[in-house]
Every structure is written in structure tokens, then in C-alpha cells.
Amino acid sequence: MRITIHEGVPSDPLVRYAESAWKRLKLEPPVDLDSVRRFLKIRLSKKPLDPEICGMYIVTSKGRRMIQLNSLLDLSPTRKRWTIAHELGHHLMLPRDAAPGAFYDVKDNFTAELSGSTDEVRANRFAAELLMPHWLVNKWYDELYSNPTGRIIIMADRFGVSISAMMIRLRELRLQSRNTSVRKRIIKEVDWNKGE
């Protein structure tokens, strides 16, 4: 059974924005997050932050909007991409006249989502749809049907995301069960020193 976004969850305007960004900005995988960020007029910087924080979205007292990545952490390229996409979701949630403040992206973002924070859930859904749009996930999943183990690795590479993020996305779209034997086979095939 195919679903378009997330079963049981109303189509969030953030998710629709991610879908429209693909068309409006003529995005291709892996998504060029710099072009999305520049389109939204958001600056990117690196700064030492608390070791539990990967990044944050900030509205300054002068109304400037920026994403800061933690310069103290050696984040993998896929984790940096997820953090930036997640923080873009926070940007889109806030009104244009938002008060100064910050949203933090902790290391274990998926556990943070389980805490029940609606903002974290929405930011993660936006990041997933921006980085791995449902229509393209479905297409590639079908195209790679003859290679069930390899397709997850191939899709993660094409989307520029971690294997874990790809597997979570496939489960969200009900394309992959929580099959631990598949995960064990994938782990054997991946060089985990690359930061997956």
C-alpha cells in the first residue's frame, strides 16, 4: 500500500512547501541545500555550541535569520545535510515577525521527536520530504526492486542521506518494515568509518 506523505497525519503546510520547492527551484537529488537556504535568505555559519547540539536556527535581535552548525562536532556530510534541512523547517514554521530566539537540533534528533515536540516532528517531516520526496522514493524503490539490500544503500547515496535516515523514510512510507535482518546485511556492506 502506497501513501503520499504520512499515513494518519494531515498534509502539513511544511510538507507541501517541501514538495513545491522541488518544482519552484527545479531541485534534483541530492538536494542543493545551499540554493534552498539562499532562496530563503538564511545565512549559514559554524560556531562552537554545546556538545549535545548539532545545530540551531536563530532569529537575531535585528531580525536576521541564520543556521549555525556546531563547529566542535565532526558531523558526517549526511548529518550536516539533515541538520540544515531540519533547521530550514524551523525557519518556515516561524512568522516573519518572529521574536528573537533559537531552535536547537540535538544529536539524537529522532529521540527528540519521540519527546512529543510538535515543532521537532514537523521540522523532521519537512527535512524528510525536502531531502527524500515521497514520489521519488516510491519511484526509485520500485526501480531497484531486484536489489532489496542494495537499493537502500543506493537510494541513501542518491539522496545524500544516511542509511538510517533512508530506512526511517522507507518505514514512514510503508515501503520497508523494521526488518533487522535487512539492516544487518546493509551494515556488513557499508564502511561505517564514513560517518553513516
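View 1. From the N terminus on, the elements run α-α-β-β-β-α-β-α-α-α-α-α-α, which amounts to nine helices and four strands. Helices (H or I, at least four residues) and strands (E, at least two) are DSSP runs, numbered from the N terminus. This is a predicted model, in which local features need pLDDT of at least 70 and side-chain atom pairs count only at pLDDT 80 or more, while totals for chains, interfaces and linings use all residues. Residues are numbered from 1 along each chain as its sequence is written, and side-chain values use heavy atoms, with hydrogens and water left out. Of the 196 residues, 48% count as buried, a word that here means under 20% relative accessible area, with exposed meaning over 50% and partly exposed in between (1.4 Å probe, protein chains only).

**View 2. Strand β3 and its two partners.** Strand β3 (residues 65-70) is mostly covered, since six of its six residues are buried. Arg-65, Ile-67 and Leu-69 point one way from the strand, whereas Met-66, Gln-68 and Asn-70 point the other way. In a regular strand the side chains alternate between the two faces of the sheet. Strand β1 (residues 43-47) pairs with β3 in the parallel sense over five bridges, and Lys-47 has Asn-70 as its bridge partner; two strands are said to pair if DSSP finds at least two bridges between them. Strand β2 (residues 53-59) pairs with β3 in the antiparallel sense, also over five bridges, and here Tyr-57 stands opposite Ile-67. β2 and β3 form a hairpin with five residues between them, and Gly-63 in the turn has a positive phi of about 85 degrees.

**View 3. The largest nonpolar core and Val-137.** A nonpolar core is a set of buried Ala, Val, Leu, Ile, Met, Phe, Trp, Tyr and Cys residues joined through side-chain atoms within 4.5 Å. The largest one has 44 residues, and among the members that touch the most others are Leu-88, Leu-130 and Val-137. Helix α5 (residues 118-131) gives the most to this core, with six residues.

**View 4. Helix α5.** This helix has 14 residues and reaches 20 Å from its first C-alpha to its last, close to the 20 Å expected at 1.5 Å a residue; the expected span is 1.5 Å times one less than the number of residues. Eleven of the 14 residues are buried, including Glu-120, Arg-125 and Phe-126.
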